[in-house]
Amino acid sequence: MLRLNASSLNQLPTWGNHAVTLPFSFATIQIEGLSESQAREIHANHALQEGARSRTPDAPLRFVCHARRLSERPAISAARLTADGLYSPLVDDLPSGLVLRGVNFAAHIPRPATKAGCELAVFSERELPLRNVLENFMRVLMADAALEQGGLLLHSAGLVIKGKAYLFSARSGVGKTTLSRKAFESGIEVLSDDINLLLPTPGGGFEAYCVPFSGEFRQTLAGGPDGRYPLGSMLLLGRSGGLSMEPADASSAVAHLAANAPFVNTREDRLDMLLQTLSRLVACVRVARLSVTRKDPIDAIIRLLPGVNANA
Amino acid sequence: MPDDSTNHCIRQGIRLNPRARYRAVGEDGVLIHLDQGRVVVVNTVGLRIVEVLAESTARQDLVAVISGEFRVTADQAAQDIDSFLAELDKENLLESVD
């Protein structure tokens, strides 16, 4: 049985001496210890964002990650890796940081992750660049790091309309992907149909950042001067008998958003920080409860958004 | 916000789920189930019930606190408390104590 902890992971051999730097608008992630094929695959998988990212060398967050070689596969049952019917890595909160275990990888994220190197280990060489390894690792890394910065990762569909980001927060199955697909087909840019990153601005607001995370709808926004957009408003997405929108009170908004803040909302040591961040968020942006059905046309939905007129 | 919401009490065989935490948000409160990431909003009265429930107290004390602080009869307080606890139970935020 493979036993994992921080010290055991950083003792594992690397896959090679290649390195890849992923300069996202919100973070620069340098992955070292890769084989040539792993480095090539990661480059190819993230080519979409390359143009936008090259203009933003001063990302708010910087991380170094060491790719390691596991001697055997993590032995974890599928039942332990399922949350709300979806695959989700197991995250153990230890004094040294977070230890992640997925069906095909193990990782360590030190606390704070920006001060020391992370470890990402797989058994098979070809697995490291896979979405269910590298993306899952980066999601947990970003969720924790964003909260440290006063921001958060949020399950949401993100649309960019007139230069502002509108996030539609909901759990899986409520309609984020359907909404994103409709929006994209009508010419609206999509940040992500599944998960979006918010970081605070010096002026007291929040900005939504392009992230390399998406759900079933794979198209993500590659443009924008630096891959980030002022947050226009926050919509708490739900299903009902008809299209409607109503203001959300602060406490129910905080609760809804907390339920959709993955990886940090199940950690006791992060609860106060999460709720404080959400309280700041709902105090400085317009938050509304939006009920939709699958049949609602995207134009009608967009017309309801605060600050967006019918011709948006 | 309360400094410590991890202490749970027994009230007629029911207590807060040990994996549930509560925090005040404005005048309301939220209860978070740490295993599921589920969050429930409670109003001022509900938050007070949870706060009292998290301390060691008997049923009559809980009824007395709620009826006294919110100026309702003891019967009404007891009815509201039972109704509220039934809602929490549905959300797996309570557990039985043998």
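This is a predicted model: local features need pLDDT of at least 70, side-chain atom pairs count only at pLDDT 80 or more; totals for chains, interfaces and linings use all residues.
1. Overall make-up of chain A. Chain A has eight helices and 17 strands. Of its 312 residues, 57% count as buried. Take the contacts in chain A between residues at least 6 apart in sequence: 67% of them join residues at least 24 apart.

2. The sheet in chain A. Look for an open sheet of seven strands, in the order 1-2-3-9-8-7-6. Its pairing is mixed. Strand 1 (18-23) and strand 6 (90-94) of chain A are at the edges. Each has a single partner strand, so one side of each is left without a neighbour in the sheet. On average, neighbouring strands of this sheet are turned by 15° against each other, direction ignored.

3. One pairing in detail. Strand 1 and strand 2 (residues 27-34) of chain A run antiparallel, joined by five bridges. A:Leu22 has A:Ile29, in strand 2 of chain A, as its bridge partner.

4. Helix 4 (residues 131-148) of chain A lies across strand 1, strand 2, strand 3 (61-69), strand 6, strand 7 (97-101), strand 8 (105-110) and strand 9 (118-122) of chain A. The helix runs at about 20° to strand 8 of chain A.

5. Cavities. A search of the whole structure finds two cavities of 30 Å³ or more. Among the residues lining it are A:Val174, A:Gly175, A:Arg239, A:Val292 and A:Ile301. Helix 5 (residues 176-185) of chain A gives the most to this lining, with three residues.

6. The sheet in chain B. Three strands of chain B form an open sheet in the order 2-3-4, with antiparallel pairing. Strand 2 (20-25) and strand 4 (38-42) of chain B are the edge strands, and each pairs on one side only. Neighbouring strands here are turned by 25° against each other on average, direction ignored. Five bridges link strand 3 (residues 28-33) of chain B to strand 4 of chain B. B:His33 has B:Arg38, in strand 4 of chain B, as its bridge partner.

7. Where the chains meet at that sheet. Helix 6 of chain A packs on the sheet and touches strand 2, strand 3 and strand 4 of chain B. The direction of this helix makes about 170° with that of strand 4 of chain B.

8. Two residues to check. A:Phe263 is not a glycine, yet has a positive phi of about 75°. A:Phe263 sits in the loop between helix 6 (250-259) and helix 7 (268-284) of chain A. B:Arg71, also not a glycine, has a positive phi of about 55°. B:Arg71 is in the loop between helix 2 (59-70) and helix 3 (74-90) of chain B. Which is buried and which is exposed? A:Phe263 is buried, with a relative accessible area of 16%, whereas B:Arg71 is exposed, at 79%.

Definitions and conventions
Residues are numbered from 1 along each chain as its sequence is written. Chains are lettered from A and ligands numbered from 1 in the order in which they are written. Side-chain values use heavy atoms; hydrogens and water are left out. Two strands pair if DSSP finds at least two bridges between them. Helices (H or I, at least four residues) and strands (E, at least two) are DSSP runs, numbered from the N terminus. Axes are lines fitted to C-alpha atoms, for helices over the stretch in contact, and angles run from 0 to 180 degrees between N-to-C directions. Contact means heavy atoms within 4.5 Å. On a 1 Å grid over the protein atoms alone, a cavity is a set of points where a 1.4 Å probe fits but cannot get out, and a pocket is an open set with protein on both sides within 12 Å along at least five of seven lines; lining residues have an atom within 4 Å of a point. Grid points are joined across faces, edges and corners, and a volume is the space filled by probe spheres set on the points. Buried means under 20% relative accessible area, exposed over 50%, partly exposed in between (1.4 Å probe, protein chains only).
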